[in-house]
Amino acid sequence: MPTNKCIGVISVGHFLPHMCVANDHFVSIGLDTSPEWIESRSGIRTRHIASDNQATSDLAVGAAEMAFKNGPISSNQIDFIIVATATPDHIGFPSTACLVQQKLGLTHSVECLDISAACSGFTYALSLAYSKIHSGMGQYGLVIGAETLSRLVDWSDRRTCILFGDGAGAAIVGTVDSGGFIGFNQGADGNCSHILNCLPTENAVQFSGKPYPPGVSMIHMDGQSVFKKGIQVVVDSLTQLLSEANINSNSIDHVVCHQANQRIISSVAKQMGIPLEKFVINIDRVGNTSAASIPLALSEANARINPGDTVILVGFGSGFTWSSILLKWN
Ligand code: COA
């Protein structure tokens, strides 16, 4: 039976692998770049990289454990787990969500699935969690964005490897006394799939410096097209979201935008007329962590978001996909 109760984010958590790599690393491995170029063009100074024995599901479990610790819902109350990732533990199956269920030691019946919407994955997953709870198909969900993007980039390609990092963020979603989700706006434009995709690549190099197998699928990107399209879809999506909710941008307290490029975030702030100070920013420390980006930034900012604050989450990425959510913080 559909519920009339408010549905919102109950608690959040995040996890970053220990290894932190600064911009001078790229010079030390022989790339024709500089720490100054990387920081000035992207805003990134460091990113975290998973160790060889850390799978995407391990990062996801770290984030989930923190989300359970931070809130009143325990893992055995969870009805479903959704993992948004472009870097699942296995190509094909089992899903990373099933591995998270196993690693959390959950033996009760939990629905587990992964979704693929690139950097919009977490917000797509949150809207799915909302729909499931609203329709009565579960009371509490664990929604995770987790990535090991460092394994999807060619570390000899200076156009891409400087941008990405590994990490995870998680949210427990369920019924709340008041507030919660107000509106959703999301979509995709498959005609732009070619500007950011994964293609068979020869002579690609791993983070360790060892070669990848020939023809391995690696990230390819038309940086300038992604830059322009990203700003356009985020501004359009936010404009529609606010208009449908009949909310003025002055009423927004915090914006958690996908952390792809500091200059993209600044441009969105300017075009939306929302002060940059209201945007949560951690790209300088963690780089672009794709589906993990929004929940990671949200969890890091949790201490300064007050109950009742109006929050926007907005993502964009390969597909091309975009997704924005308006909610009152609980
Ligand atoms: N170091 C030094 N020079 C670099 C470089 C690097 N790491 N990467 C590219 N360059 C060079 C280019 O080869 C180019 O040289 P050329 O003029 O001789 O051809 C020059 O710098 C300018 O390249 P350009 O692509 O125009 O730079 P840019 O200002 O657009 O910045 C990005 C590049 C990738 C930082 C930027 O386009 C971007 O962030 N795009 C969006 C990426 C994104 O958000 N991806 C994820 C979406 S989810």
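**Helix H4 and what covers it**

Modeller: The cover over the buried residues of H4 includes helix H3 (56-69), strand S4 (80-84), strand S5 (111-115) and strand S6 (140-148). Keep in mind that this is a predicted model.

Biologist: Which residues of helix H4 are called buried, and what makes them so?

Modeller: In helix H4 (residues 96-103) they are Thr96, Ala97, Leu99, Val100 and Gln101. Buried means under 20% relative accessible area, so each of these five falls below that cut-off.

Biologist: What follows H4?

Modeller: Glycine 105, with a positive phi near 75°.

**The cores**

Biologist: What makes the largest nonpolar core a core?

Modeller: A core needs buried nonpolar residues joined through side-chain atoms within 4.5 Å. Here 47 residues make up the largest such set, so it is called a nonpolar core. Leu238, Val255, Val268, Phe279, Ile312 and Phe316 have the most contacts inside it. S10, H6, strand S11 (254-257), H7, S12 and strand S13 (321-328) each supply at least two of its residues. H6 gives the most, with 8 residues.

Biologist: Which residues does phenylalanine 316 touch, and how do you know that they count as contacts?

Modeller: Leaving aside neighbours within four places in sequence, phenylalanine 316 is in contact with Cys119, Ser120, Gly230, Val233, Val234, His258, Ala260, Ile264, Thr321 and Trp322. Contact means heavy atoms within 4.5 Å, so each of these residues meets that limit.

Biologist: Why is the largest pocket called a pocket and not a cavity?

Modeller: In a cavity the probe cannot get out, whereas a pocket is an open set. The space of about 960 Å³ is classed as a pocket, so it is open. Its lining has 40 residues, with Leu163, Phe164, Leu196, Met221 and Gly223 nearest the centre. H6 provides the largest share of that lining, 5 residues.

Biologist: How does the lining of the largest pocket divide?

Modeller: Into 19 nonpolar, 14 polar and 7 charged residues.

Biologist: What makes Asp89 a lining residue of the second largest pocket?

Modeller: A lining residue has an atom within 4 Å of a pocket point, and Asp89 is on that list, so Asp89 has such an atom. Others listed include Thr56, His90, Arg151 and Tyr212. The volume of the second largest pocket is about 330 Å³.

How values were computed: Residues are numbered from 1 along each chain as its sequence is written. This is a predicted model: local features need pLDDT of at least 70, side-chain atom pairs count only at pLDDT 80 or more; totals for chains, interfaces and linings use all residues. Side-chain values use heavy atoms; hydrogens and water are left out. On a 1 Å grid over the protein atoms alone, a cavity is a set of points where a 1.4 Å probe fits but cannot get out, and a pocket is an open set with protein on both sides within 12 Å along at least five of seven lines; lining residues have an atom within 4 Å of a point. Grid points are joined across faces, edges and corners, and a volume is the space filled by probe spheres set on the points. Helices (H or I, at least four residues) and strands (E, at least two) are DSSP runs, numbered from the N terminus. Ala, Val, Leu, Ile, Met, Phe, Trp, Tyr, Cys and Pro count as nonpolar, Asp, Glu, Lys and Arg as charged, and the others, Gly among them, as polar. Buried means under 20% relative accessible area, exposed over 50%, partly exposed in between (1.4 Å probe, protein chains only).
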